[in-house]
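Subject: A structure to look at, with notes

Dear colleague,

I am passing on the structure we spoke about, and below it you will find my notes on what turned up. Please keep the structure open beside the text as you read.

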Amino acid sequence: MRDAKRGVAHSITIQARSGAEGQTAVRLGFTATKKYGNAVVRNRAKRRLRHAIRAVLAEKPCAPYDLVLIAREALPDRDYPTLLQDIRYCLKKAGVYDV
């Protein structure tokens, strides 16, 4: 993902790279580093990101991409609608959504 485009918001960072030839779906990866917190906190953050990105992609599907969602320290304090807004913003900044 070194050559990936990035979108950064307060609660999340998204790295996006166009999918491989023949790839038909969006592939997702989720990361929360140890400095984020203990295992319980990190797993809760990843579950929250999974749920949120599914909701955003259901609203507006996109071309096949490889996406990595990285939890940031502000994620636990964000309410759900603001988190969805952050994800949409990051996807636009990373070039996944053209609009």
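Predicted model: local features only at pLDDT ≥ 70, side-chain atom pairs only at ≥ 80, totals over all residues.

Confidence is lowest in E2, where the mean is 92, and highest in H2, where the mean is 94.

**Salt bridges**

Side chains of opposite charge can pair when their charged atoms come close. The count of salt bridges here comes to four, and Asp66 takes part in one of them with Arg27, the closest N and O atoms of the two being 2.8 Å apart. Since Arg27 lies in strand E3 and Asp66 in strand E4 (residues 65-71), this pair ties together parts that are 39 residues apart in sequence.

Another salt bridge joins the side chains of Glu59 and Arg88, with 2.8 Å from N to O. Glu59 sits in helix H1 and Arg88 in helix H2 (residues 80-93), so that distant parts of the chain, 29 residues apart, are linked by this pair. Both residues are partly exposed, Glu59 with a relative accessible area of 48% and Arg88 with one of 28%.

A further pair is made by Asp86 and Arg78, whose side chains meet at 3.0 Å from N to O. Asp86 is buried, with a relative accessible area of 8%, whereas Arg78 is partly exposed at 22%.

**Helix H2**

Asp86 leads us on to H2, where it is one of the buried residues, together with Leu83, Leu84, Ile87, Cys90 and Leu91. Why do the buried residues of H2 line one face of the helix? Seen down the axis of H2, they fall within an arc of 160 degrees, and therefore they share one face. An α-helix has 3.6 residues a turn, so residues three or four places apart point the same way. The buried residues of H2 are covered by parts that include strand E1 (5-8), E2, H1 and E4, while the face turned away from the buried side carries the exposed residues Pro81, Gln85 and Lys93.

The length of H2 can be checked as well: its 14 residues, at 1.5 Å a residue, should span 20 Å, and the end C-alpha atoms are 20 Å apart, which agrees. After H2 comes Gly95, which has a positive phi, near 85 degrees.

**Two more residues**

Thr13 lies in strand E2 (residues 12-18) and is buried, with a relative accessible area of 12%. Beyond its neighbours within four places in sequence, Thr13 is in contact with Gly7, Val8, Val68, Leu69, Ile70 and Arg72.

Is Lys35, by contrast, buried or exposed? Lys35 is exposed, because its relative accessible area is 71%, and its place is in the loop between strand E3 (27-31) and helix H1 (39-59). The C-alpha atoms of Lys35 and Arg72 are separated by 9.7 Å, although the two residues are 37 residues apart along the chain.

With best wishes

Terms used:
Residues numbered from 1 in each chain as written. Heavy atoms only, no water. Helix = DSSP H or I, 4+ residues; strand = E, 2+ residues; numbered from the N terminus. Buried < 20%, exposed > 50% of the residue type's maximum accessible area, 1.4 Å probe, protein only. Contact = heavy atoms within 4.5 Å. pLDDT = per-residue confidence, 0-100. Expected span 1.5 Å × (residues − 1). Arc of directions from axis to C-beta.
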